[in-house]
Each structure stands twice: as C-alpha cells, then as structure tokens.
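Reader: I am new to this structure. Please show it to me, and then I will ask my questions.

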Amino acid sequence: MESIKKGLKNLVWIQGLTCNGNSHSFLSINDTLLDTFLSNINILYHPILTSEIEFKDVYKRILSGKESLNFLVVEGAVSNKKNEVFFQGFDVFEILNNLKDKSDYILAVGNCACYGNFPALYNENVNGLQYRFKDKGGFLGESFKTKSGYQIINITGCPAHPEWIVRTILSLDFGYDINLDNFNRPKDFYMYLAHDGCIRNEYFEWKVEAHEFGTKEGCLFYELGCRGPLTHSPCNKILWNEKSSKTRSGMPCIGCTEFDFPLRSKYFETKTNIGIPEEVPLGVTKRAYIMLTGVAKTFTNQRLNKKLEDTD
Amino acid sequence: MLIRKRLKEKKKEEIVNVALKLFAEKGFYNTTIPDIAEALGMSVGNFYNYFESKEELAKYIMQYSSNILGEEIRKISEMDISTREKILLLVRRFIEIAEEKPELIDYFLRVFLSNREVFKEGCEGFLCVSSVVTELMLFLEEGAKKGDLRQQDFFPAFVTVMGPLGGIVFLKGENVLPKRPIEYAEDIGENIWRALKKD
C-alpha cells in the first residue's frame, strides 16, 4: 500500500481476539467497490495488507498529531484488563484508550468486536467495544461517543459482509448521516431480516419443510434450525460473492449477526416443545403464528411437492 | 354503523344458540331453516340476512364453539398455577361446560364428526376448530418448556388430552355412567397428567 495519500480520509484497522475472518471477508469486496473505496479512503494500516509503514510508526504519528485518524476499525474482541490482548506488540487496552478520542469514527467489525462473541464466553474480562452480548457497556462504556458524535458503529456478522463494512465507511466519508438500530448497527443493512429475499419463501408460506441440507426445495426453518425470520441481516439482499447466501445454497441461517449467536447450542435444529417451535418469526405472537401455520398446513400447494425441475 | 354491526353479531349469536340445540337434538339433516327461523320467531327470509345457508351456519357454529372452549383454555394457560393443576382445571372446566351446555358437545359428536361432508369446504383440517387446537398447542408447549411435560410430537399429546374428555362426555350421552361426569374429573385429570409428565 502507498503510505500516505493527501486529501483522503485515513483508516487504521486493528485486531483483538480474532480469527481474521472479517479481514478475509473485507478483502473479498468486489472490484468496483474496492476501486471506489481506495479512491476515497487511505488505508494507513491493515494487518494483512503489505504496507511500507509498520504499525508502530503509524501509531506514533497519530499519537503525535502528525497524522489524523478518521476511521478506526476494530476486528476481534478486547479485554477490559491490561496485558491480555496484544496487537503488533502493543497492548490493545492501551491502543484503544489512546486512540478512542482521536478517531472521528470507530467501527466494530464482526461479532467479536461488537459483542465479545465466542471469546467472551471463556473470559469475563473479554468484551465487545460497546456491548457484551446484549448488555451495553463493553470496553468503552455505555455512553461513549467518538469525535463525530456517533457511538461505536457495529457491523455485526461472523463475519460481516465486505459491502456492509465498505458502504458504511463510504457513506460516512461522503457526509451522509446513518441511522443506527438498538444495537448500534446501520439500519440501511440491519433493518432487513435474512428471511427477506430468501428464494425459499414460497415454501415458508405454505409450510413445506426441507429435510436435508443442500437441496433446492423446502424451507429450512421448521426442522433444520434456520434463523432467517429472526435474524437482522441483508444476506439475501446483498449476496455473498455477489452470487449466493447460506439459505440459497441449502444451509440454514445460523443467526451470526445477533448477540446471542454463540449462546445457542444446536445450530441445525429448531427447538420445539411438544412439536411447537419455541421461537417464532419476529413481529408476530406465538398464538397468531401457530394459528396461521395451522391454516397454511391445511392446504397444499401442488407446485411445492415436486422437485423444482419437475414443476411446470 | 358500529351499533348496527354489534346488533347483527348479537342476533347471530341468538341464532347460533337456538340452531345448536336443534342440530344437536334432531341432527343436521332433520333440522330445516324454517325450523330454526320458527324457533327464533323470525321469518325465513330474515334468516338469510345472517347466514347464506344451513351449511354456512353449521360451520359458523363450530368456529363459535371452538372459540368459547379456546378462550377457556387460554384463561387456564395464563394462570399462575402448576402444570398439574392446570391439567386438572382444564378437565374440570371441560366437563362443567359439557354439563352446562350439553348441546355443544352433542353438536361436536353428532353433527361435526358425523356429517363430515357438510364441513368439507371451509372447515378443512383445523380451520373451524383452530382456536381449541392453537390454545392446546400453547398450553402443552408451555408445560414442556417449563420442563414439566415430556417432549414428544404434538399429536400424541393432543389425543392424550382430548381422548379421555371426548370419551367421558360420550359415555354420559349414552347414559351409562353411574356418577355425574364431574365426579370423575379429578381421576381423569390425574391420568392425563401422569401420561404427559416428564419421567
């Protein structure tokens, strides 16, 4: 990467406890968006991109005021205790405390940075930047705001889709205000459910189940644990690799954009009590949902009982 | 407009109560619309302002009765008592309703279950009894969620509840019970509880 481009906003990407998943996701952005991104944003440092400057130098220049910091992107969970999580030889605890008031915006990218996620299950000091699972607080505290007036902007997902990350940053860079939901996620992306745009919706309407993974037919909600109707994410609107999504390829949504993602145990099973689903789609009461299901099951849509290739 | 609508609903309710008794006593085919109109003191023509046909009335009665029973189950579901007590209460309430309004049960046994052809269109599956089924689903689901009831499919659990209830009112109808059905409520409730409980 070129070290400094004048006139562009600066971005630094750091990592806490992470599997690199969001970095890899970020790097799979399509060419068009990448071009737009790199024409507008100067990546001062990203741990897995080759760079002329080392992190310690970038860090020093920002701390000394020689370089401005516009976007601080954090991937991975962090610890509320010193000397537990390190990045490029520096304590992440220190980095965050030193940079939190210097950056215009801070983005937590991926569920670990947002909620603590899996790493937080095993250590009570481990947190997301402004949440720990569903509780607000996290590393920076409930009321923390960056220079821009925004709180930590959470781009949830395990991993987050590259377009959600890039478009959020570009929107802010272009001066647009973005609306955040109750978990500080941009509404532009997270007001949708994974269910929206799912090509199996006809099967959902008529309650026709899929019994195995990878088939084109059937809804994955009833038996295979799909969380599509309960999960905020535009996975079926902004497709992965521009092509597909879990549910399109016959894999249930596992709810990875929600705080409770690591708190559930059986990802491919719909929890039922005496055959009745314990959780129902968002926005509907269990009573209404069960009544509706009963009605839909009474009728048969002949089209949905055939292999798709065999339909007229 | 609202008042007129409410009056119409009230009149429909009157028709339902009278027709329910006639259907339960004489059967669906032996009861005519003129019989129903006469019992209500209304003209046959006026009857059609409320129901298009005898079949429509029969389906409406089923939904109406299902809503009454569903509402009772719902009330019990929402009570702050143990699952065992809820089951005992459910049995007691069912038998009480059967004693207070025997025509409801007779209608179910002697019209709904015996004249399936009448209910073929518009009452498929659980369409006309969905209140009872839905409320029982929620009732049983809650018990299993609390860990009181054994996990299983819905239908075996459903017939475990409904079977004994249908059975006892049927025996009452056949006049073979030495005691009043309500006197068996406790034992029946206990049987259902033991059949469904965990362990």
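Reader: In which loop does A:Asn241 lie?

Author: This is a predicted model, in which local features need pLDDT of at least 70, side-chain atom pairs count only at pLDDT 80 or more, and totals for chains, interfaces and linings use all residues. Residues are numbered from 1 along each chain as its sequence is written, chains are lettered from A and ligands numbered from 1 in the order in which they are written, and side-chain values use heavy atoms, with hydrogens and water left out. Helices (H or I, at least four residues) and strands (E, at least two) are DSSP runs, numbered from the N terminus. A:Asn241 lies in chain A, in the loop between α9 (201-205) and β12 (272-273).

Reader: Is A:Asn241 buried or exposed?

Author: Buried means under 20% relative accessible area, exposed over 50%, and partly exposed in between (1.4 Å probe, protein chains only). A:Asn241 has 53% relative accessibility, so the residue counts as exposed.

Reader: What is the phi of A:Asn241?

Author: A:Asn241 is not a glycine, yet its phi is positive. The value is about 50 degrees.

Reader: Where is A:Asn20 found, and how accessible is A:Asn20?

Author: A:Asn20 also has a positive phi, about 75 degrees, although it is not a glycine. Its place is the loop between β1 and α1 (21-27) of chain A. Its relative accessibility is 23%, so A:Asn20 counts as partly exposed.

Reader: Why is strand β1 of chain A described as largely enclosed?

Author: Strand β1 of chain A covers residues 9-15. It is largely enclosed by the rest of the structure because the buried residues number six of the seven.

Reader: Which residue is the bridge partner of A:Ile14 in β3(A)?

Author: Strand β3 of chain A spans residues 69-75. Five bridges join β1(A) to β3(A), and the two run parallel. The partner of A:Ile14 is A:Val74.

Reader: Where does A:Pro159 lie, and what is the omega of the bond from A:Cys158?

Author: A:Pro159 is in the loop between β11 (153-155) and α7 (162-173) of chain A. The peptide bond from A:Cys158 to A:Pro159 is cis. Its omega is near 5 degrees.

Reader: How many helices and strands does chain B have?

Author: From the N terminus on, the elements of chain B run α-α-α-α-α-α-α-α-α. The count is nine helices and zero strands.

Reader: How many residues does the largest nonpolar core have?

Author: A nonpolar core is a set of buried Ala, Val, Leu, Ile, Met, Phe, Trp, Tyr and Cys residues joined through side-chain atoms within 4.5 Å. Those with the most contacts inside the largest one include B:Ile15, B:Tyr107 and B:Phe119. Elements of chain B that give it two or more residues include α1 (2-26) and α4 (54-77). The largest core has 67 residues.

Reader: Which residues does B:Phe119 touch?

Author: Contact means heavy atoms within 4.5 Å. Residues up to four places away in sequence are not counted. B:Phe119 then touches B:Ala58, B:Lys59, B:Met62, B:Tyr107, B:Val111, B:Phe112 and B:Glu124.

Reader: What percentage of chain B counts as buried?

Author: Chain B has 199 residues. Of these, the share that counts as buried is 46%.

Definitions and conventions: Two strands pair if DSSP finds at least two bridges between them.
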